[in-house]
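Dear colleague,

Please find below the structure that I promised to hand over. My notes on it follow directly after it.

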Amino acid sequence: MSKRLLMIGYGAMGSEVHRLLPDGMTLGWVVVPEAFAVEVRDRLAGRAEVLTAIDQCAEAPDLVVECAGQPGLAEHGEAVLRRGWTLAVVATGALADEALYARLTTAAREGNGRMQLLSGAVAGMDGLTAAREGGLDEVTYEACKAPRSWKGSHAEQLVDLDAVAERTVFFEGDAGEAARLFPANSNVAATIALAGVGMRDTRVRLTVDPSTTRNTHRIHARGRFGEFDIELNGYPLESNPKTSTLAALSVVRACRQALEPVSF
Ligand SMILES: NC(=O)C1=CN([C@@H]2O[C@H](COP(=O)(O)OP(=O)(O)OC[C@H]3O[C@@H](n4cnc5c(N)ncnc54)[C@H](OP(=O)(O)O)[C@@H]3O)[C@@H](O)[C@H]2O)C=CC1
Ligand SMILES: O=C([O-])CC(=O)C(=O)O
């Protein structure tokens, strides 16, 4: 029998994940804001139940994936974890809020739930978490995207996205600040921080480049293990250029992991 997925959010990433769900996993429920529910019901045409709160879900899903962004994790995360369900998360930037992080970990402990932080748009989180065991001296992260990928974000206050003529750095700070200021664009900064040296000690630089069509992520890590440099040039999703295709694929991978007895 097919396993059943509950998805929080059904925007660009959620739709892509739904399209690519592995055999053996079906979308049972979608949780969306009230104002979006009618539109999603029309789009899904009965293929999944559309809810606006976790307590409306009468059965236990086999997996819950958050594809809703930071407000979605803040609104629904605790209810999922208190029910003892497994929650795979891409809006890792929400965890820069220490109070929310504490609420979610308490809910998981008390409810016997599990929160799985997904690698999202980047690679190398396996190596970084292993490297941390030996001690890390430095972790830096740089993102570079096209102007259209920064539209509608805080970047508009820092750089003229319509006039920028060459690669320009518009933000330098720590991962916590980046995740808070750019909630739809800098979850990766938080993911790297959570896997490495934490929000305050992870240095972040955000750049815009009018000549690129990719979402580029560069990670440098140095420690007792040695050092590594990763550069990942991802294709943005057509439906949302802020979001890399790989981020959606990392959610699909989590769905596959829930099905397979052996997995990476
Ligand atoms: N970790 C990573 O590497 C990455 C993480 N992300 C995160 O994933 C998020 C989703 O990306 P994407 O799908 O492209 O973004 P979209 O904006 O296309 O979709 C987000 C969807 O979530 C819905 N939503 C908003 N608030 C809630 C809520 N409280 N409960 C349920 N649903 C909600 C939105 O509804 P409405 O339109 O009505 O507001 C929207 O449909 C990004 O905002 C970002 O935080 C993205 C890329 C990479
Ligand atoms: O998808 C990406 O390239 C990264 C992103 O939006 C994020 O970190 O939130």
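Please bear in mind that this is a predicted model.

I begin with a pair of helices. The crossing of α3 and α4 is left-handed. The axes of α3 (70-82) and helix α4 (residues 98-111) come within 7 Å and cross at roughly 20°. An angle under 35 degrees counts as roughly parallel, and α3 and α4 are therefore roughly parallel to each other. On the α3 side, Ala74, Gly77, Glu78, Leu81 and Arg82 take part in the contact. They meet Leu100, Arg103, Leu104, Ala107, Ala108, Glu110 and Gly111 in α4. By class, this contact of α3 with α4 has 6 nonpolar, 2 polar and 4 charged residues.

Helix α3 also matters for the description of ligand 1. Of the 34 residues around ligand 1, Gly9, Gly11, Met13, Gly69 and Gly120 come nearest. Which element gives the most to the shell around ligand 1? It is α3, with 5 residues. The elements that each supply at least two residues of this shell are α1 (12-19), α2 (34-44), α3, α9 (187-195) and β13 (240-244). By class, the shell around ligand 1 divides into 19 nonpolar, 14 polar and 1 charged residues.

The contact between them takes 19 residues from domain 1 and 20 residues from domain 2. On the side of domain 1 that touches domain 2, α1 and α10 (245-257) each supply at least two residues. The largest share of that side, 4 residues, comes from α1. By class, the side of domain 1 that touches domain 2 has 10 nonpolar, 8 polar and 1 charged residues.

The helices α1 and α10 also pack against each other. Their axes come within 9 Å and cross at roughly 50°. That makes α1 oblique to α10. The crossing of α1 and α10 is right-handed. In α1, Met13, Glu16 and Val17 meet Ala247, Ala248, Val251 and Val252 in α10. This contact of α1 with α10 has 6 nonpolar, no polar and 1 charged residues. Two of these names return elsewhere: Met13 is listed among the residues that come nearest to ligand 1, and Ala247 is among those that surround ligand 2.

I turn next to ligand 2. Ligand 2 is surrounded by Ala121, Ala184, Asn185, Ser186, Asn187, Val188, Asn215, Gly234, Lys242, Thr243, Ser244 and Ala247. Two or more residues of this shell are given by each of α9 and β13. Of the elements, β13 gives the most, with 3 residues. By class, the shell around ligand 2 has 4 nonpolar, 7 polar and 1 charged residues.

Helix α5 (residues 125-132) and α9 pack at an angle of about 35°, with their axes 8 Å apart. Met125, Leu128 and Thr129 in α5 meet Thr191, Ile192 and Ala195 in α9. The residues of this contact divide into 4 nonpolar, 2 polar and no charged.

With kind regards

Conventions: Residues are numbered from 1 along each chain as its sequence is written. Chains are lettered from A and ligands numbered from 1 in the order in which they are written. This is a predicted model: local features need pLDDT of at least 70, side-chain atom pairs count only at pLDDT 80 or more; totals for chains, interfaces and linings use all residues. A residue is near a molecule or strand if its C-beta atom, placed from the backbone, lies within 6 Å of it. Ala, Val, Leu, Ile, Met, Phe, Trp, Tyr, Cys and Pro count as nonpolar, Asp, Glu, Lys and Arg as charged, and the others, Gly among them, as polar. Axes are lines fitted to C-alpha atoms, for helices over the stretch in contact, and angles run from 0 to 180 degrees between N-to-C directions. Angles under 35 degrees count as roughly parallel, over 145 as roughly antiparallel, 65 to 115 as roughly perpendicular and the rest as oblique. A crossing is left-handed if the near helix is turned anticlockwise from the far one by less than a right angle, and right-handed if clockwise. Two residues are in contact if their C-beta atoms, placed from the backbone, lie within 7 Å.
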